[in-house]
Amino acid sequence: MSRFLLRRLGSAVLVLLALSVVLYAIFYLAPGDPAQLACGEKCSPAQVASVRRQLGLNDSVYLQYWHFLQGIVAGHDYSTGTAVMHCDAPCLGISYQNDQPVTQILVEKFPATASLAFGAMVVWTLLGVGTGVLSALRRGRFTERALTALTLAGTAIPVFIIGILLLMVFCSYLQWLPFPTYVPLTADPQQWFWNMLLPWFALGLIESAKYARLTRSSMLETLAEDHIRTFRAYGVSERKIIGRHALRGALTPVIALSAMDLGTMFGSAVLTETLFGLPGLGQKLVTSVQGKDLPVVVGVVLVTGFFVVLANAVADVLYAVADRRVVLT
């Protein structure tokens with residue numbers, strides 16, 4: 001097991017290193033002048049040249065990338081012209097718009113996105129897996145046809161439509177919930193929970209549709225395997241067959257998809273964050289792209305990639321727990 005974990009850790013580090021190379025090449029070596037973006041459109045050539053020296057853009061490409069990696073590991077010093085500003089590790093650069101360290105900006109935006117991602121994951125897992133299992137067990141009946149129609153509708157409806165409907169029904173018509181306003185978990189856990197309910201269900205309902213279809217197909221495939229027929233021949237109860245064997249084998253693709261969706265949620269839940277006014281990473285990514293704030297864009301994408309790699313590494317460990325044969329591969 002330890003060798004399996006070391007292999008997964010090593011591959012995760014290599015993937016993150018490759019991702020950093022690609023991001024640096026796309027955003028800093030592509031056509032265009034980062035110094036001009038950092039300085040502004042109205043800067044004179046002399047001011048742009050001064051900014052280029054301060055950011056170290058006159059160095060070679062390899063040295064610039066080395067300083068980028070060095071900042072992530074050990075921090076980096078940036079010249080402001082009259083003083084030196086130190087950016088603590090992990091340093092992802094300094095924002096062009098407000099001269100704040102990118103790491104500080106991401107730390108401020110992270111709690112809202114994390115609250116949305118993990119809460120929505122709970123919703124889509126419970127609803128998706130439960131609906132998929134029920135649909136597989138009721139194969140050929142009216143229940144299966146109804147659930148299949150609901151999952152197809154859920155796949156087709158955009159998240160902002162679901163969000164608007166939830167706001168109209170629960171906040172305006174029934175008035176069971178307040179219009180969502182993000183409250184940090186550390187400030188008021190109860191208000192945090194009530195204000196996050198609608199964002200969780202808006203995103204979770206959309207995502208649960210594909211989990212229901214995936215769980216249904218995996219359950220049907222697992223129930224048709226030889227060892228399940230053997231258990232039934234030996235008189236094992238149907239509840240034990242489904243709970244201990246069929247469901248456990250069917251969850252492997254669900255774990256893989258959940259890991260990918262949870263990781264990408266840290267930078268791609270833009271519509272949900274914008275609709276419900278959540279000050280998260282996705283919303284910050286949009287404003288940074290509009291403002292051509294390259295360090296913040298790179299930081300958000302790199303953090304998103306980190307969580308995708310981390311979630312997949314955790315999924316690999318869960319594979320090993322669910323199926324011991326994975327350790328041997």
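**Aromatic pairs and a buried serine**

Phe193 is partly exposed at 35% relative accessibility, where partly exposed lies between buried (under 20% relative accessible area) and exposed (over 50%), with a 1.4 Å probe and protein chains only. The model is predicted, so local features need pLDDT of at least 70 and side-chain atom pairs count only at pLDDT 80 or more, while totals for chains, interfaces and linings use all residues. Residues are numbered from 1 along each chain as its sequence is written, and side-chain values use heavy atoms, leaving out hydrogens and water.

**Aromatic pairs**

- Rings of Phe, Tyr and Trp (its six-membered ring) pair if their centres lie within 6.5 Å; planes under 30 degrees apart are stacked, over 60 edge-to-face, and the rest tilted.
- By this rule there are 8 aromatic pairs.
- Phe110 and Phe307 are stacked, at 5.5 Å centre to centre and 20° between the planes.
- This pair links distant parts of the chain, 197 residues apart: Phe110 lies in helix α5 (residues 102–137) and Phe307 in helix α13 (residues 294–322).
- Helices are DSSP runs (H or I, at least four residues), numbered from the N terminus.
- Phe110 is partly exposed at 29% relative accessibility, whereas Phe307 is buried at 17%.
- Phe193 and Trp194 form an edge-to-face pair, with ring centres 5.5 Å apart and planes at 75°.
- Trp194 is partly exposed, with a relative accessible area of 38%.
- Trp192, Phe193, Trp194 and Trp200 are joined into a cluster by ring pairs.

**Ser20**

- Ser20 sits in helix α1 (residues 2–28) and is buried, with a relative accessible area of 4%.
- Leaving aside residues up to four places away in sequence, Ser20 touches Tyr65, Phe68, Leu69 and Leu302, contact meaning heavy atoms within 4.5 Å.

Technical notes: Helices (H or I, at least four residues) and strands (E, at least two) are DSSP runs, numbered from the N terminus.
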